[in-house]
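Dear colleague,

Please find below the structure that I am handing over to you. My findings follow directly after it.

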Amino acid sequence: MKPRRANDPIVALSRRLAAAYCIACSLVFVITLVAVFGVWQVRSTAEAEAACSNILSLVLEEVSSSQSSDLADLQAFLDRPAFSTTSIRISGESGLMLESGAMGGGGTYLEAKAETQDGKQVDVEVSYDAASLITTETAPFLVVAIILVLVLVLVSCRWFVRSAVKPVARAIRQQREFVAAASHELRSPLSVIKLDLEVAKARAQEGDAAATCALVEEAEVECGNLSLLTDDLLALASGDAQGWAIERCSCDAEALFVEAFDGMDEKALSAGVTLVPDLPDLPLPCVYADGRRVVQVLRILLENALAYSAAGQDVRMSLRREGRFVVFAVADCGPGIDDADKPRIFERFYRVDQSRSDSSHHGLGLSIAHEIVDAQGGQLTVRDNDGGGTVFEVFLPLSGEQPSR
(Lines give C-alpha, C1' and ligand atoms only; values in the text may rest on other atoms or scores of the structure.)
Protein backbone atom coordinates (compact mmCIF):
# COMPACT_ATOMS: atom_id res chain seq x y z
CA MET A 1 0.00 0.00 0.00
CA LYS A 2 1.32 3.42 -0.97
CA PRO A 3 2.42 5.46 2.08
CA ARG A 4 0.46 8.61 2.80
CA ARG A 5 2.03 12.03 2.66
CA ALA A 6 2.49 13.97 5.87
CA ASN A 7 0.07 16.66 4.67
CA ASP A 8 -2.58 14.11 3.70
CA PRO A 9 -5.90 15.05 5.38
CA ILE A 10 -6.42 11.42 6.42
CA VAL A 11 -3.09 11.44 8.26
CA ALA A 12 -3.96 14.69 10.02
CA LEU A 13 -7.42 13.38 10.93
CA SER A 14 -5.94 10.10 12.21
CA ARG A 15 -3.51 11.94 14.45
CA ARG A 16 -6.22 14.16 15.89
CA LEU A 17 -8.54 11.23 16.49
CA ALA A 18 -5.73 9.24 18.13
CA ALA A 19 -4.87 12.17 20.42
CA ALA A 20 -8.51 12.75 21.30
CA TYR A 21 -9.06 9.04 21.96
CA CYS A 22 -6.00 8.76 24.21
CA ILE A 23 -6.99 11.89 26.13
CA ALA A 24 -10.54 10.61 26.55
CA CYS A 25 -9.34 7.19 27.74
CA SER A 26 -6.88 8.84 30.15
CA LEU A 27 -9.64 11.02 31.59
CA VAL A 28 -11.92 8.01 31.98
CA PHE A 29 -9.12 6.07 33.68
CA VAL A 30 -8.29 8.94 36.05
CA ILE A 31 -11.96 9.51 36.86
CA THR A 32 -12.40 5.79 37.51
CA LEU A 33 -9.37 5.75 39.84
CA VAL A 34 -10.63 8.81 41.71
CA ALA A 35 -14.07 7.21 42.04
CA VAL A 36 -12.58 3.95 43.30
CA PHE A 37 -10.38 5.76 45.81
CA GLY A 38 -13.29 7.92 46.88
CA VAL A 39 -15.63 4.97 47.43
CA TRP A 40 -12.90 3.06 49.23
CA GLN A 41 -12.13 6.09 51.43
CA VAL A 42 -15.78 6.57 52.38
CA ARG A 43 -16.20 2.90 53.15
CA SER A 44 -12.89 2.74 55.04
CA THR A 45 -13.84 5.79 57.13
CA ALA A 46 -17.23 4.30 58.03
CA GLU A 47 -15.63 0.99 59.01
CA ALA A 48 -12.94 2.79 61.05
CA GLU A 49 -15.54 4.81 62.97
CA ALA A 50 -17.53 1.66 63.73
CA ALA A 51 -14.40 -0.25 64.81
CA CYS A 52 -13.17 2.64 66.94
CA SER A 53 -16.56 2.93 68.64
CA ASN A 54 -16.64 -0.82 69.37
CA ILE A 55 -13.09 -0.78 70.79
CA LEU A 56 -13.89 2.23 72.94
CA SER A 57 -16.92 0.41 74.32
CA LEU A 58 -14.80 -2.65 75.16
CA VAL A 59 -12.14 -0.54 76.88
CA LEU A 60 -14.74 1.41 78.88
CA GLU A 61 -16.29 -1.87 79.99
CA GLU A 62 -12.91 -3.20 81.14
CA VAL A 63 -12.03 0.07 82.94
CA SER A 64 -15.33 0.23 84.76
CA SER A 65 -14.87 -3.33 86.04
CA SER A 66 -11.29 -2.71 87.29
CA GLN A 67 -9.72 -0.90 90.26
CA SER A 68 -7.70 2.20 89.45
CA SER A 69 -4.63 0.49 90.84
CA ASP A 70 -5.16 -2.50 88.53
CA LEU A 71 -5.42 -0.58 85.24
CA ALA A 72 -1.82 -1.51 84.40
CA ASP A 73 -3.03 -5.12 84.24
CA LEU A 74 -5.12 -4.22 81.16
CA GLN A 75 -1.92 -4.06 79.09
CA ALA A 76 -2.19 -7.75 78.22
CA PHE A 77 -5.81 -7.19 77.13
CA LEU A 78 -4.85 -4.27 74.89
CA ASP A 79 -1.87 -6.08 73.31
CA ARG A 80 -4.12 -8.61 71.60
CA PRO A 81 -3.96 -8.79 67.73
CA ALA A 82 -7.46 -7.31 67.51
CA PHE A 83 -6.02 -4.00 68.72
CA SER A 84 -2.93 -4.00 66.47
CA THR A 85 -4.16 -0.96 64.52
CA THR A 86 -5.48 0.82 67.60
CA SER A 87 -3.77 3.26 69.97
CA ILE A 88 -5.28 3.52 73.46
CA ARG A 89 -4.41 5.96 76.22
CA ILE A 90 -5.88 6.00 79.76
CA SER A 91 -5.06 8.92 82.02
CA GLY A 92 -6.33 10.15 85.39
CA GLU A 93 -5.70 12.89 87.92
CA SER A 94 -2.21 11.57 88.57
CA GLY A 95 -1.31 11.59 84.86
CA LEU A 96 -0.83 8.87 82.29
CA MET A 97 -1.92 5.52 83.63
CA LEU A 98 -1.75 3.27 80.56
CA GLU A 99 -0.84 3.63 76.92
CA SER A 100 -0.95 1.05 74.13
CA GLY A 101 0.43 2.04 70.73
CA ALA A 102 1.59 5.47 69.64
CA MET A 103 -1.24 7.98 69.72
CA GLY A 104 -0.81 9.87 66.42
CA GLY A 105 -2.70 12.61 64.65
CA GLY A 106 -4.17 10.41 61.93
CA GLY A 107 -6.97 7.86 61.87
CA THR A 108 -10.29 7.96 63.69
CA TYR A 109 -10.16 9.42 67.17
CA LEU A 110 -12.70 9.01 70.01
CA GLU A 111 -12.53 9.84 73.72
CA ALA A 112 -14.75 9.27 76.73
CA LYS A 113 -14.72 9.42 80.52
CA ALA A 114 -15.05 6.34 82.70
CA GLU A 115 -15.22 5.53 86.40
CA THR A 116 -13.31 2.64 87.94
CA GLN A 117 -14.72 0.37 90.61
CA ASP A 118 -13.12 2.45 93.33
CA GLY A 119 -14.75 5.65 92.03
CA LYS A 120 -11.77 7.20 90.24
CA GLN A 121 -12.49 9.29 87.11
CA VAL A 122 -10.28 8.46 84.12
CA ASP A 123 -10.07 9.69 80.50
CA VAL A 124 -10.03 7.03 77.78
CA GLU A 125 -8.74 7.95 74.27
CA VAL A 126 -8.90 5.59 71.33
CA SER A 127 -7.32 6.15 67.90
CA TYR A 128 -7.96 3.69 65.03
CA ASP A 129 -5.81 3.62 61.88
CA ALA A 130 -7.67 2.20 58.88
CA ALA A 131 -5.76 0.06 56.38
CA SER A 132 -4.31 1.94 53.38
CA LEU A 133 -5.35 1.00 49.85
CA ILE A 134 -1.81 1.35 48.49
CA THR A 135 0.64 -0.81 50.41
CA THR A 136 3.81 -2.64 49.58
CA GLU A 137 1.64 -5.66 48.75
CA THR A 138 -0.92 -3.93 46.54
CA ALA A 139 1.44 -1.47 44.79
CA PRO A 140 2.83 -4.04 42.27
CA PHE A 141 -0.69 -5.06 41.26
CA LEU A 142 -1.66 -1.42 40.71
CA VAL A 143 1.42 -0.85 38.54
CA VAL A 144 0.64 -3.94 36.45
CA ALA A 145 -2.99 -2.82 36.09
CA ILE A 146 -1.92 0.63 34.88
CA ILE A 147 0.47 -0.89 32.34
CA LEU A 148 -2.25 -3.23 31.05
CA VAL A 149 -4.66 -0.31 30.70
CA LEU A 150 -2.09 1.69 28.73
CA VAL A 151 -1.43 -1.24 26.39
CA LEU A 152 -5.18 -1.75 25.92
CA VAL A 153 -5.65 1.96 25.13
CA LEU A 154 -2.87 1.91 22.52
CA VAL A 155 -4.19 -1.23 20.84
CA SER A 156 -7.80 -0.08 20.87
CA CYS A 157 -6.72 3.38 19.69
CA ARG A 158 -5.31 1.89 16.50
CA TRP A 159 -8.52 -0.04 15.87
CA PHE A 160 -10.71 2.96 16.71
CA VAL A 161 -8.83 5.34 14.41
CA ARG A 162 -8.90 2.87 11.52
CA SER A 163 -12.64 2.27 11.95
CA ALA A 164 -13.41 5.99 12.27
CA VAL A 165 -11.23 7.09 9.35
CA LYS A 166 -12.28 4.34 6.95
CA PRO A 167 -15.58 5.96 5.78
CA VAL A 168 -13.90 9.37 5.61
CA ALA A 169 -11.05 7.94 3.52
CA ARG A 170 -13.56 6.21 1.27
CA ALA A 171 -15.49 9.47 0.80
CA ILE A 172 -12.32 11.43 0.00
CA ARG A 173 -11.19 8.74 -2.44
CA GLN A 174 -14.59 8.78 -4.16
CA GLN A 175 -14.51 12.55 -4.30
CA ARG A 176 -11.07 12.52 -5.93
CA GLU A 177 -12.16 9.85 -8.40
CA PHE A 178 -15.29 11.86 -9.13
CA VAL A 179 -13.33 15.05 -9.80
CA ALA A 180 -10.82 13.19 -11.98
CA ALA A 181 -13.57 11.45 -13.96
CA ALA A 182 -15.57 14.68 -14.31
CA SER A 183 -12.49 16.49 -15.58
CA HIS A 184 -11.89 13.76 -18.14
CA GLU A 185 -15.51 13.74 -19.29
CA LEU A 186 -15.54 17.53 -19.60
CA ARG A 187 -12.25 17.59 -21.50
CA SER A 188 -13.50 15.28 -24.28
CA PRO A 189 -16.44 17.38 -25.59
CA LEU A 190 -14.49 20.59 -25.09
CA SER A 191 -11.64 19.20 -27.20
CA VAL A 192 -14.09 18.19 -29.95
CA ILE A 193 -15.77 21.61 -29.89
CA LYS A 194 -12.43 23.41 -30.03
CA LEU A 195 -11.22 21.27 -32.92
CA ASP A 196 -14.49 21.68 -34.83
CA LEU A 197 -14.41 25.45 -34.43
CA GLU A 198 -10.79 25.63 -35.60
CA VAL A 199 -11.51 23.50 -38.67
CA ALA A 200 -14.77 25.38 -39.34
CA LYS A 201 -12.87 28.66 -39.27
CA ALA A 202 -10.40 27.30 -41.81
CA ARG A 203 -13.19 25.92 -44.05
CA ALA A 204 -15.04 29.25 -43.84
CA GLN A 205 -11.93 31.05 -45.06
CA GLU A 206 -11.74 28.59 -47.95
CA GLY A 207 -15.41 29.21 -48.78
CA ASP A 208 -16.56 25.62 -48.07
CA ALA A 209 -19.97 26.42 -46.54
CA ALA A 210 -21.22 22.80 -46.45
CA ALA A 211 -18.22 21.55 -44.47
CA THR A 212 -18.46 24.54 -42.16
CA CYS A 213 -22.13 23.86 -41.43
CA ALA A 214 -21.40 20.17 -40.74
CA LEU A 215 -18.66 21.08 -38.29
CA VAL A 216 -20.85 23.65 -36.56
CA GLU A 217 -23.64 21.07 -36.23
CA GLU A 218 -21.18 18.61 -34.70
CA ALA A 219 -20.06 21.29 -32.27
CA GLU A 220 -23.71 21.95 -31.39
CA VAL A 221 -24.24 18.26 -30.63
CA GLU A 222 -21.18 18.25 -28.37
CA CYS A 223 -22.49 21.40 -26.66
CA GLY A 224 -25.74 19.56 -26.00
CA ASN A 225 -23.86 16.59 -24.56
CA LEU A 226 -21.78 18.95 -22.46
CA SER A 227 -24.96 20.62 -21.20
CA LEU A 228 -26.41 17.23 -20.22
CA LEU A 229 -23.21 16.30 -18.42
CA THR A 230 -23.19 19.63 -16.59
CA ASP A 231 -26.82 19.14 -15.54
CA ASP A 232 -25.99 15.66 -14.20
CA LEU A 233 -22.96 16.98 -12.32
CA LEU A 234 -25.00 19.80 -10.82
CA ALA A 235 -27.73 17.34 -9.80
CA LEU A 236 -25.24 15.05 -8.07
CA ALA A 237 -23.46 17.98 -6.41
CA SER A 238 -26.78 19.35 -5.15
CA GLY A 239 -27.78 15.90 -3.88
CA ASP A 240 -24.47 15.57 -2.02
CA ALA A 241 -24.63 19.06 -0.50
CA GLN A 242 -28.31 19.41 0.40
CA GLY A 243 -29.84 16.01 -0.23
CA TRP A 244 -32.26 15.22 -3.03
CA ALA A 245 -35.39 17.37 -3.07
CA ILE A 246 -38.03 14.68 -2.59
CA GLU A 247 -41.74 15.47 -2.16
CA ARG A 248 -43.39 12.14 -1.46
CA CYS A 249 -47.13 11.62 -1.74
CA SER A 250 -49.59 8.97 -2.86
CA CYS A 251 -49.11 8.45 -6.63
CA ASP A 252 -50.89 6.28 -9.17
CA ALA A 253 -48.25 3.77 -10.25
CA GLU A 254 -49.88 3.15 -13.65
CA ALA A 255 -50.06 6.89 -14.39
CA LEU A 256 -46.33 7.21 -13.68
CA PHE A 257 -45.69 4.18 -15.90
CA VAL A 258 -47.63 5.70 -18.82
CA GLU A 259 -46.01 9.15 -18.42
CA ALA A 260 -42.48 7.71 -18.48
CA PHE A 261 -43.27 5.35 -21.34
CA ASP A 262 -44.90 7.96 -23.59
CA GLY A 263 -41.96 10.32 -23.30
CA MET A 264 -39.60 7.74 -24.87
CA ASP A 265 -41.47 6.89 -28.08
CA GLU A 266 -39.49 9.16 -30.39
CA LYS A 267 -36.10 8.09 -29.00
CA ALA A 268 -37.02 4.44 -29.41
CA LEU A 269 -38.20 5.04 -32.96
CA SER A 270 -34.98 6.84 -33.94
CA ALA A 271 -32.92 3.97 -32.44
CA GLY A 272 -34.97 1.34 -34.28
CA VAL A 273 -35.96 -0.28 -30.97
CA THR A 274 -39.48 -1.35 -30.04
CA LEU A 275 -40.83 -0.34 -26.65
CA VAL A 276 -43.17 -2.98 -25.23
CA PRO A 277 -45.43 -2.00 -22.29
CA ASP A 278 -46.61 -4.69 -19.89
CA LEU A 279 -49.32 -3.52 -17.47
CA PRO A 280 -51.12 -5.85 -15.04
CA ASP A 281 -54.76 -6.78 -15.62
CA LEU A 282 -55.82 -5.73 -12.12
CA PRO A 283 -55.31 -2.24 -10.69
CA LEU A 284 -52.33 -1.76 -8.39
CA PRO A 285 -52.19 0.22 -5.15
CA CYS A 286 -50.67 3.68 -5.19
CA VAL A 287 -47.02 4.17 -4.34
CA TYR A 288 -45.70 6.59 -1.73
CA ALA A 289 -43.12 8.47 -3.75
CA ASP A 290 -42.24 11.66 -5.60
CA GLY A 291 -43.98 11.13 -8.94
CA ARG A 292 -41.75 13.57 -10.85
CA ARG A 293 -38.62 11.83 -9.59
CA VAL A 294 -40.02 8.38 -10.35
CA VAL A 295 -40.65 9.38 -13.98
CA GLN A 296 -37.09 10.76 -14.12
CA VAL A 297 -35.69 7.43 -12.89
CA LEU A 298 -37.77 5.36 -15.31
CA ARG A 299 -36.66 7.51 -18.27
CA ILE A 300 -33.02 7.12 -17.21
CA LEU A 301 -33.48 3.35 -17.21
CA LEU A 302 -35.27 3.41 -20.57
CA GLU A 303 -32.55 5.61 -22.14
CA ASN A 304 -29.92 3.23 -20.80
CA ALA A 305 -31.78 0.23 -22.24
CA LEU A 306 -32.15 1.96 -25.62
CA ALA A 307 -28.44 2.86 -25.67
CA TYR A 308 -27.41 -0.79 -25.22
CA SER A 309 -30.01 -2.32 -27.53
CA ALA A 310 -29.41 -2.99 -31.19
CA ALA A 311 -31.86 -1.97 -33.90
CA GLY A 312 -34.71 -4.44 -34.15
CA GLN A 313 -34.56 -5.50 -30.50
CA ASP A 314 -37.28 -4.95 -27.89
CA VAL A 315 -37.17 -3.07 -24.61
CA ARG A 316 -39.91 -4.22 -22.26
CA MET A 317 -41.25 -2.09 -19.39
CA SER A 318 -43.49 -3.85 -16.88
CA LEU A 319 -45.31 -3.12 -13.65
CA ARG A 320 -46.26 -5.52 -10.88
CA ARG A 321 -46.85 -5.78 -7.14
CA GLU A 322 -44.46 -7.71 -4.92
CA GLY A 323 -45.32 -7.76 -1.22
CA ARG A 324 -45.22 -4.25 0.23
CA PHE A 325 -43.76 -2.82 -2.99
CA VAL A 326 -44.78 -1.90 -6.49
CA VAL A 327 -42.04 -2.90 -8.93
CA PHE A 328 -41.24 -1.05 -12.17
CA ALA A 329 -39.03 -3.22 -14.41
CA VAL A 330 -37.12 -2.24 -17.56
CA ALA A 331 -35.70 -5.21 -19.49
CA ASP A 332 -33.50 -5.08 -22.60
CA CYS A 333 -31.95 -7.71 -24.85
CA GLY A 334 -28.53 -6.07 -25.01
CA PRO A 335 -25.10 -7.51 -24.20
CA GLY A 336 -25.89 -7.81 -20.49
CA ILE A 337 -23.69 -7.09 -17.48
CA ASP A 338 -21.07 -9.44 -16.04
CA ASP A 339 -21.50 -10.46 -12.41
CA ALA A 340 -18.16 -8.81 -11.61
CA ASP A 341 -19.49 -5.47 -12.86
CA LYS A 342 -22.90 -5.57 -11.15
CA PRO A 343 -21.67 -4.34 -7.71
CA ARG A 344 -20.16 -1.23 -9.35
CA ILE A 345 -22.86 -0.49 -11.91
CA PHE A 346 -24.31 2.35 -9.80
CA GLU A 347 -20.98 4.06 -9.16
CA ARG A 348 -20.49 7.48 -10.71
CA PHE A 349 -18.84 7.51 -14.14
CA TYR A 350 -18.65 3.73 -14.17
CA ARG A 351 -19.39 2.14 -17.55
CA VAL A 352 -19.35 -1.58 -18.24
CA ASP A 353 -18.04 -1.08 -21.75
CA GLN A 354 -15.15 1.33 -21.28
CA SER A 355 -14.50 1.33 -25.03
CA ARG A 356 -17.78 3.05 -25.87
CA SER A 357 -17.04 6.37 -27.53
CA ASP A 358 -20.61 7.72 -27.38
CA SER A 359 -20.12 11.01 -25.52
CA SER A 360 -23.84 11.27 -24.74
CA HIS A 361 -23.47 8.60 -22.06
CA HIS A 362 -21.19 9.57 -19.19
CA GLY A 363 -21.93 6.86 -16.64
CA LEU A 364 -23.93 9.18 -14.36
CA GLY A 365 -27.51 8.22 -15.19
CA LEU A 366 -27.64 5.02 -13.14
CA SER A 367 -25.92 6.77 -10.22
CA ILE A 368 -28.56 9.51 -10.23
CA ALA A 369 -31.37 6.95 -10.53
CA HIS A 370 -29.99 4.87 -7.65
CA GLU A 371 -29.63 7.87 -5.33
CA ILE A 372 -33.14 9.18 -6.15
CA VAL A 373 -34.75 5.78 -5.47
CA ASP A 374 -32.76 5.36 -2.26
CA ALA A 375 -33.86 8.82 -1.07
CA GLN A 376 -37.49 7.69 -1.41
CA GLY A 377 -37.10 4.57 0.70
CA GLY A 378 -37.05 2.32 -2.35
CA GLN A 379 -34.50 0.07 -3.99
CA LEU A 380 -32.98 -0.13 -7.48
CA THR A 381 -31.63 -3.56 -8.42
CA VAL A 382 -30.09 -5.17 -11.50
CA ARG A 383 -30.24 -8.79 -12.68
CA ASP A 384 -29.80 -10.81 -15.85
CA ASN A 385 -32.69 -11.10 -18.30
CA ASP A 386 -33.79 -14.66 -18.95
CA GLY A 387 -33.60 -14.15 -22.71
CA GLY A 388 -30.29 -12.30 -22.56
CA GLY A 389 -29.66 -8.71 -21.59
CA THR A 390 -30.36 -6.88 -18.35
CA VAL A 391 -33.34 -6.11 -16.12
CA PHE A 392 -33.40 -3.05 -13.85
CA GLU A 393 -36.11 -3.10 -11.19
CA VAL A 394 -37.34 -0.18 -9.09
CA PHE A 395 -39.02 -1.18 -5.81
CA LEU A 396 -41.21 1.58 -4.33
CA PRO A 397 -43.25 1.26 -1.10
CA LEU A 398 -47.04 1.15 -1.20
CA SER A 399 -49.09 4.02 0.19
CA GLY A 400 -52.11 1.82 0.87
CA GLU A 401 -54.43 3.84 -1.36
CA GLN A 402 -56.20 2.07 -4.23
CA PRO A 403 -56.39 4.13 -7.41
CA SER A 404 -59.60 4.42 -9.39
CA ARG A 405 -59.46 2.88 -12.84
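**Findings**

Of the protein's 405 residues, 34% count as buried. Please note that the model is predicted. The protein contains 8 helices and 11 strands. Among contacts with a separation of 6 or more, 69% are between residues 24 or more positions apart.

Two residues were then examined individually.

The first topic is Val330, which belongs to strand E9, spanning residues 325-331. Its relative accessible area is 2%; because buried means under 20%, Val330 is classed as buried. Leaving aside residues up to four places away in sequence, Val330 touches Leu301, Leu302, Ala305, Val315, Arg316, Met317, Thr390, Val391 and Phe392. As for Asn304, which is 26 residues from Val330 along the chain, the C-alpha atoms of the two are separated by 9.6 Å.

The second topic is Lys166, located in helix H3, which covers residues 139-206. Lys166 has a relative accessibility of 53%; since exposed means over 50%, Lys166 counts as exposed. On the surface, Lys166 gathers with Arg158, Arg162 and Arg170 in a patch of positive charge.

With kind regards

Note on methods. Residues are numbered from 1 along each chain as its sequence is written. This is a predicted model: local features need pLDDT of at least 70, side-chain atom pairs count only at pLDDT 80 or more; totals for chains, interfaces and linings use all residues. Side-chain values use heavy atoms; hydrogens and water are left out. Helices (H or I, at least four residues) and strands (E, at least two) are DSSP runs, numbered from the N terminus. Buried means under 20% relative accessible area, exposed over 50%, partly exposed in between (1.4 Å probe, protein chains only). Contact means heavy atoms within 4.5 Å. Patches are made of residues with over 30% relative accessible area and no salt bridge: like charges are joined within 9 Å, nonpolar side chains (Val, Leu, Ile, Met, Phe, Trp, Tyr) within 5 Å. Accessible areas come from the Shrake-Rupley method with a 1.4 Å probe; for residues, only the protein chains shown count as cover. A salt bridge is a side-chain nitrogen of Lys or Arg within 4 Å of a carboxyl oxygen of Asp or Glu. Lys and Arg count as positive and Asp and Glu as negative; His and the chain ends are not counted. The place of a charge is taken as NZ of Lys, CZ of Arg, CG of Asp or CD of Glu.
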